[in-house]
Amino acid sequence: MKFVRYEVEDQKYYGIVENDKVKEIEGCIYGEYEVTDKERALDEVTLLPPVEPSKLIAIGLNYLDHVKEGGADREPPTEPLIFLKAPTSICGNGEPIIIPKQASLTHYEAEIGVVIKNKIKRVTEEEALDHALGYIVANDVSERVFQRGDGQWTRAKSFDTFCPVGDYIVTDIDPNEQKISCHLNGEVKQDSNTNNMIFNIQKIISYVSDQMTLLPGDVIITGTPAGVGPIEPGDKVRIEVEEVGVLENPVVAEA
Ligand code: MG
């Protein structure tokens with residue numbers, strides 16, 4: 001199933017997509033809801049980012065080849081490396097990534113994200129995926145000079161538009177077996193599979209829930225494979241996760 005959030009005549013809705021139609025949902029996608037017969041053509045609605053999380057959590061250094069591209073002698077983490085991005089960094093598919101005036105080296109990072117369904121604390125790996133509503137495509141846009149210089153990553157990862165997400169929350173897939181790629185201006189830059197993650201999705205959910213309560217709608221993006229690189233105004237970034245979809249964003253400079 002594919003959940004979307006969309007706008008029609010200044011009203012916002014959740015729905016599910018079937019073929020080229022959106023069916024309106026009544027209720028809450030994280031709780032009780034009903035798919036109604038109210039149907040619109042997909043091209044008659046404005047799709048919005050499908051998530052509005054209380055927390056946008058990210059995992060760093062979760063693919064060995066990405067760890068090593070940062071330095072051949074760099075060791076992978078022994079536990080998931082957690083950081084936070086501001087939820088206000090989220091933008092939608094097709095919206096521009098805005099390079100802020102103070103930035104000098106901004107990178108793309110192709111990632112799969114998991115959307116949390118329930119309020120959870122200390123869930124086991126065995127039960128973790130039962131608490132996932134579904135999966136999104138994400139770009140963990142990162143300002144490297146600030147990331148290296150600040151001693152922690154909040155500023156580097158949290159500028160407005162630094163977390164583009166795809167149109168859909170996709171359910172009923174195996175998140176640990178998805179081809180993941182990034183094309184910059186049509187040229188392939190990242191090409192991997194989520195089965196290369198050091199910590200799989202159930203380990204990540206379980207581990208993060210040991211540290212903090214997760215709420216319905218919270219999002220965890222789960223790290224990027226090798227091949228990260230710079231983006232500049234005029235570029236077009238295209239990220240694809242096999243069964244989750246495509247996320248495409250132009251890059252512009254802050255006005
Ligand atoms: Mg990342």
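This is a guided tour of the structure, stop by stop.

The model is predicted, so local features need pLDDT of at least 70 and side-chain atom pairs count only at pLDDT 80 or more, while totals for chains, interfaces and linings use all residues. Residues are numbered from 1 along each chain as its sequence is written, and side-chain values use heavy atoms, with hydrogens and water left out.

Begin by selecting the magnesium ion, whose protein donors are Glu-109 (OE), Glu-111 (OE) and Asp-140 (OD), lying 2.0 to 2.1 Å from it. Donors here are N, O and S atoms within 2.8 Å of the metal (3.2 Å for Na, K and Ca), and sites may look incomplete because water is not among the atoms. Along the chain these donors follow the spacing E-x1-E-x28-D. Glu-111 sits in strand β11 (residues 110-116), whereas Asp-140 is in the loop between β12 (132-139) and β13 (142-143), 29 residues apart; helices (H or I, at least four residues) and strands (E, at least two) are DSSP runs, numbered from the N terminus. Both Glu-111 and Asp-140 are buried, a word that means under 20% relative accessible area, with exposed over 50% and partly exposed in between (1.4 Å probe, protein chains only).

Glu-109 lies in the loop between β10 (106-108) and β11 and Lys-157 in helix α4 (residues 154-158), so the pair ties together parts that are 48 residues apart in sequence. A salt bridge is a side-chain nitrogen of Lys or Arg within 4 Å of a carboxyl oxygen of Asp or Glu, and by this rule the count comes to 15. Glu-109 counts as buried because its relative accessibility is 4%, and Lys-157 does so at 1%.

Next, select Arg-5 and Glu-52, another salt bridge, in which the closest N and O atoms are 3.5 Å apart. Arg-5 is in strand β1 and Glu-52 in the loop between β5 (46-48) and β6 (56-60), 47 residues apart. Arg-5 is buried at 9% relative accessibility, whereas Glu-52 is exposed, with a relative accessible area of 53%.

Finish with Asn-193, which is found in strand β17 (residues 187-193) and counts as buried at 15% relative accessibility.
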